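Let's walk through this structure together, one region after another. Keep the viewer open as you read.

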Amino acid sequence: MQRARELAKRLVIVDGHIDVPYRLYEGRDGAGKLTEDVTERTEKGDFDWPRAVEGGLDAPFMSIYVPAKYQKQGGAKRLADELIDIVVDIAARAPKRFLVARTPAEVRYWAAKGKIALLLGIENGAALEGRIENVAHFHGRGVRYVTLTHGKDNDLGDSSYDESRTHKGLSELGRRVVAEMNRLGMMVDVSHVSDATLLQVLAHSRAPVIASHSSCRHFTPGFERNVSDDLIREIAARGGVVMLNFGSAFLDDAARRAWDAAYDEAEALAGKLGVEPSDARVKAFWRERQGRLPRVTVERVADHVDHVVKLVGIEHVGLGSDFDGVGASLPHGLEDVSRYPNLLYVLLRRGYTEEQLDKICSGNVLRVWEAVEEHARPKKKDKKKGEVAPSPSR
Ligand SMILES: [Zn+2]
C-alpha cells in the first residue's frame, strides 16, 4: 500500500470524466451563487483539492455536461459556457492549486510542479447548437474533447440509451463536426453513443478516439452504454483508448439490474405524483433507496482493466471514473478522488509493473491526445518541391 501511495503521487494521473462543474452548478443558492468551494475540503461530493492531492490526481477532465433536455428547450451553448466559467473560476480563485490546461505538455509540466491541471471536455455535442463554428468557439475556450451525444439522440448522432435510432448512427452534421474536431485538434469521445454511431465515427475520424467514461460490456451483457469486445478491438486498432467508468452499474451485471430497477421505481413515483424527477420528494426517495443498492469493490475495476489488457494490450486502457456523476454507486475502496492508490494497490498485486501503471494512469490518453494534436498540425513545407503539403485533416 505504501508503494501504491508513492506511485499515485509520482505517476501522472489523468481522469477522463469528473462531473464537478454540474455538481457546483446544481448546488447554487437562490441567488445563483455557488455553495461549494472545491479549492478547499468539501462535505459533499467526490472531488476537492485536499482529496485530489491525497489521491495523487493530476489532471481531471472537468465534464461540461449539457443534459439532453436542453436539446429541446434551447440554451445548451449558454449552459456549456457557464459551466466552463465555473471551471475557469476555480483556477482563478486558487491559482497556486489549479490551472486550466490545454495540452498534454502542460499536463506533464504542471503535474511535476504539483498543481492540478483542470481539463475541459464537453458531454453532449448539443452544446454546439448545430453550428460548425461553435467547435472552434469551444476549442478556443480550452475544450479538448466532445462526447458526441448524451442520453438521447441529438443532431450529431444516436445515443446508446435512445431506442429511436434517429440517424442510424452519425448524422451528416456529426460527420462534419468530427472532421472539424480533427482539424482543430479536439478528441472525439465515443462514450454514450450507439454502436452504429461509434463505428461510423471510427470510419470518419482521421485521428484516434477516446471513450472518456465507459466500461466493458463483457461484464454487463446487453448494456450498450459500455463498450463491446468487438468495439474495444476497433477503437484499439485505430490507436484509441477506453477509459473505465467506476460506477457499480457499469462494472457488474447484478448491480446494473438493481440500479436500473431502482431508477424505474423513482420514475414511476414521479409519474404517480405528476412531477419531474428533480422534485424534492422523488430525490428523497432516491437518496433513501440508493443507500440499499449493491456496490462492487475496487477489485471489479481491476477486472475491467485486466479484460481490456487481455483483449488489446496495455496501450488502450485508462481511467474515467465519473466521480460526482455516479454518486452512491461508487465501489467500496473507490469512494472519491482520494482513493486512486487503492486501485493501484490492487493492480500492483495483480502483477502490473510501474511502466504499465503509468500507461493506465495517463500515458495512453496523453498519447491519443498528442496524436490528435499531431493530426491537426498543418504539414511542414515539403522542401524538395517548395509546396505546402495538404493538411491531413482535409
Ligand atoms: Zn456520462
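The volume of the largest cavity is about 50 Å³, and Val193, Leu198, Glu224, Arg225 and Asn226 are the closest to its centre of the 14 residues that line it. On a 1 Å grid over the protein atoms alone, a cavity is a set of points where a 1.4 Å probe fits but cannot get out, while a pocket is an open set with protein on both sides within 12 Å along at least five of seven lines; lining residues have an atom within 4 Å of a point. Grid points are joined across faces, edges and corners, and a volume is the space filled by probe spheres set on the points. By this rule, the count is one cavity of 30 Å³ or more.

A word on the source: this is a predicted model, in which local features need pLDDT of at least 70 and side-chain atom pairs count only at pLDDT 80 or more, whereas totals for chains, interfaces and linings use all residues. Residues are numbered from 1 along each chain as its sequence is written, and side-chain values use heavy atoms, with hydrogens and water left out.

Open space comes next. The second largest pocket holds about 160 Å³. Its lining consists of Lys9, Ala52, Val53, Gly56, Leu57, Asp58, Ala111, Gly114, Lys115 and Ile116, which by class gives five nonpolar, two polar and three charged residues.

Glutamate 123 in strand S4 (residues 116-123) and histidine 213 in the loop between S7 and H10 are 90 residues apart, so the pair links distant parts of the chain. Helices (H or I, at least four residues) and strands (E, at least two) are DSSP runs, numbered from the N terminus. Glutamate 123 and histidine 213 are both buried, a word that means under 20% relative accessible area, with exposed over 50% and partly exposed in between (1.4 Å probe, protein chains only).

S4 pairs with strand S5 in the parallel sense over four bridges; two strands pair if DSSP finds at least two bridges between them. Isoleucine 122 is opposite valine 146 in S5, and valine 146 in turn is opposite valine 188 in S6. S5 and strand S6 (residues 187-189) run parallel, joined by three bridges. Five of the five residues of S5 (residues 143-147) are buried, so this strand is largely enclosed by the rest of the structure. S4, helix H7 (residues 133-140) and S5 form a right-handed β-α-β unit, as do S5, helix H8 (residues 172-184) and S6. Right-handed means that, with the strands pointing away from the viewer, the path from the first strand over the helix to the second runs clockwise.

S8 pairs with strand S7 (residues 210-211) in the parallel sense over two bridges, and isoleucine 210 has valine 241 as its bridge partner. Between S7 and S8 the chain passes through helix H10 (residues 229-237) in a right-handed β-α-β crossover. S8 also runs parallel to strand S9 (residues 317-319), with three bridges between them, and leucine 244 has leucine 319 as its bridge partner.

Arginine 165, in the loop between S5 and H8, has a positive phi near 50° though it is a residue other than glycine. Aspartate 324, in the loop between S9 and helix H15 (340-349), is not a glycine either, yet its phi is positive at about 65°. Arginine 165 is partly exposed at a relative accessible area of 26%, whereas aspartate 324 counts as buried at 17% relative accessibility.

Notes
Nonpolar A, V, L, I, M, F, W, Y, C, P; charged D, E, K, R; others polar.
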